[in-house]
Amino acid sequence: MAKFDTKMNRYPFVPITQRPTYEWPDGKRLAVYFALNIEAFEFGRNPGPDFTTMPAAPFHRGYAYRDFGNRVGVWRLLDLFQEFEIPLSVLANTAVYDAYPALMAAFRQRGDELVGHGRTNSERQIDMTEDEERDMLKEVRQRFEKEEGVAPQGWLGPFISQSTKTPELLVEQGFGYMLDWFYDEQPQLFRTDLGPILSVPYPSMELNDLPAVFNRRVSDAEFADLLIDAFEQQLQDSEKYPLVFSAALHTFVMGQPHRTRELRRALAHIASHRDRVWITTAGKIAAHARSLPQGTLVSPDIAGAGSSTAQTAHRAPDV
């Protein structure tokens with residue numbers, strides 16, 4: 001019988017029931033953050049499905065649909081999050097600075113966190129050589145630094161795409177945490193050849209409006225129900241151990257008027273529990289996780305997961 005290798009040497013298996021417990025600020029046990037994807041696409045290149053028929057060049061329907069998000073939808077969402085005083089982790093392509101400068105200024109004025117999300121959503125890391133990916137990451141950091149005066153600490157690849165060397169390149173280029181791997185509901189240290197990087201939970205396939213609405217055919221009301229049900233279950237579970245609730249939104253999806261209306265219902269429910277949860281950003285979750293005592297976070301060097309790249313430190317790099 002063939003033997004299959006089921007080990008993934010980037011992080012160890014430690015059941016959530018067998019880990020040290022800790023708290024978020026003010027004794028809270030559930031951290032909540034919303035990730036808003038702000039993306040730019042090159043006209044003439046396939047931006048992804050237009051959700052009608054099979055896309056064909058020049059892909060104008062898909063481009064226009066996504067362009068709507070930055071021209072109209074995002075402003076509707078900004079009003080909504082401002083109403084409930086909820087901060088955002090903004091996952092932004094640097095091309096947005098050129099295509100939609102007023103948009104970045106609005107997030108800057110709110111004090112939202114900016115997370116690196118590539119140059120445009122018309123390219124994927126998995127299609128790049130190692131040198132091309134390194135240059136892209138460097139370019140993204142430098143552009144944020146130029147525009148904001150500070151480089152982003154967090155990263156999510158366009159299309160949540162990674163090459164086999166992405167984690168090492170992120171550490172090399174100074175990123176402190178990544179959102180690309182959703183395998184847990186707590187921040188954990190993730191092995192790289194250059195030392196650990198923090199992995200912060202991100203709802204890549206579940207509480208993410210794009211795959212939910214268009215791939216799984218979830219209705220607008222059902223998506224709001226998913227957010228509420230997941231929040232309620234995690235709030236209950238957080239009595240036993242600390243957790244992260246996160247939801248991923250896209251301006252051209254949730255910025256549609258009928259969906260914003262349903263999203264309001266979910267945000268109102270979550271905000272009504274503000275006294276019991278920590279409503280924050282991915283970056284602040286990463287910073288708090290880094291500040292925890294050594295040995296608190298699941299780390300690559302525990303549970304017999306050693307290798308030539310094993311790290312002895314349990315603390316994440318500064319974020």
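Visitor: Hi! What percentage of the residues in the protein is buried?
Guide: Buried residues account for 55% of the 319 residues. Keep in mind that this is a predicted model.

Visitor: Thanks. How many helices and strands does the protein have?
Guide: There are ten helices and nine strands.

Visitor: Let's go inside. Which residues touch the most other members of the largest nonpolar core?
Guide: That core has 65 residues, and the ones touching the most other members are Val 32, Phe 34, Ile 38, Phe 107, Phe 245 and Leu 263.

Visitor: Pick Phe 107 for me. What does Phe 107 touch, leaving out residues up to four places away in sequence?
Guide: Its partners include Leu 36, Ile 38, Val 74 and Leu 78. Asp 112 is also among them.

Visitor: Now aromatics. How many aromatic pairs are there?
Guide: The count is 14 aromatic pairs. One of them joins Phe 34 and Phe 245: the ring centres are 6.2 Å apart and the planes stand at 70 degrees, so this pair is edge-to-face.

Visitor: Where do Phe 34 and Phe 245 lie?
Guide: Phe 34 is in strand E1 (residues 30-38) and Phe 245 is in strand E8 (residues 243-250), so the pair ties together parts that are 211 residues apart in sequence.

Visitor: Is Phe 34 buried or exposed? And Phe 245, buried or exposed?
Guide: Phe 34 is buried, at 1% relative accessible area. Phe 245 is buried too, at 0%. Another edge-to-face pair is Tyr 97 with Phe 144, whose ring centres are 5.7 Å apart with planes at 75 degrees. Tyr 97 belongs to helix H2 (residues 96-99) and Phe 144 to helix H4, 47 residues apart.

Visitor: Nice. Which charged end sits over the ring of Phe 175?
Guide: That of Arg 141, 5.1 Å from the ring centre.

Visitor: Changing topic: where is Glu 123?
Guide: Glu 123 is in the loop between strand E3 (113-116) and helix H4 (130-148).

Visitor: Why does Glu 123 count as buried?
Guide: Because its relative accessibility is 17%, and buried means under 20%.

Visitor: So what does the side chain of Glu 123 make a polar contact with?
Guide: The side chain of Arg 119, at 2.7 Å. Setting aside neighbours within four places in sequence, Glu 123 is also in contact with Met 128, Met 136 and Pro 158.

Conventions: Residues are numbered from 1 along each chain as its sequence is written. This is a predicted model: local features need pLDDT of at least 70, side-chain atom pairs count only at pLDDT 80 or more; totals for chains, interfaces and linings use all residues. Side-chain values use heavy atoms; hydrogens and water are left out. Helices (H or I, at least four residues) and strands (E, at least two) are DSSP runs, numbered from the N terminus. Buried means under 20% relative accessible area, exposed over 50%, partly exposed in between (1.4 Å probe, protein chains only). A polar contact is a pair of N or O atoms within 3.5 Å; within protein, one must be able to donate a hydrogen and the other to accept it, and residues adjacent in sequence count only if both atoms are side-chain atoms. Contact means heavy atoms within 4.5 Å. A nonpolar core is a set of buried Ala, Val, Leu, Ile, Met, Phe, Trp, Tyr and Cys residues joined through side-chain atoms within 4.5 Å. Rings of Phe, Tyr and Trp (its six-membered ring) pair if their centres lie within 6.5 Å; planes under 30 degrees apart count as stacked, over 60 as edge-to-face and the rest as tilted. A charge sits over a ring if NZ of Lys or CZ of Arg is within 6 Å of the ring centre and within 35 degrees of the ring normal.
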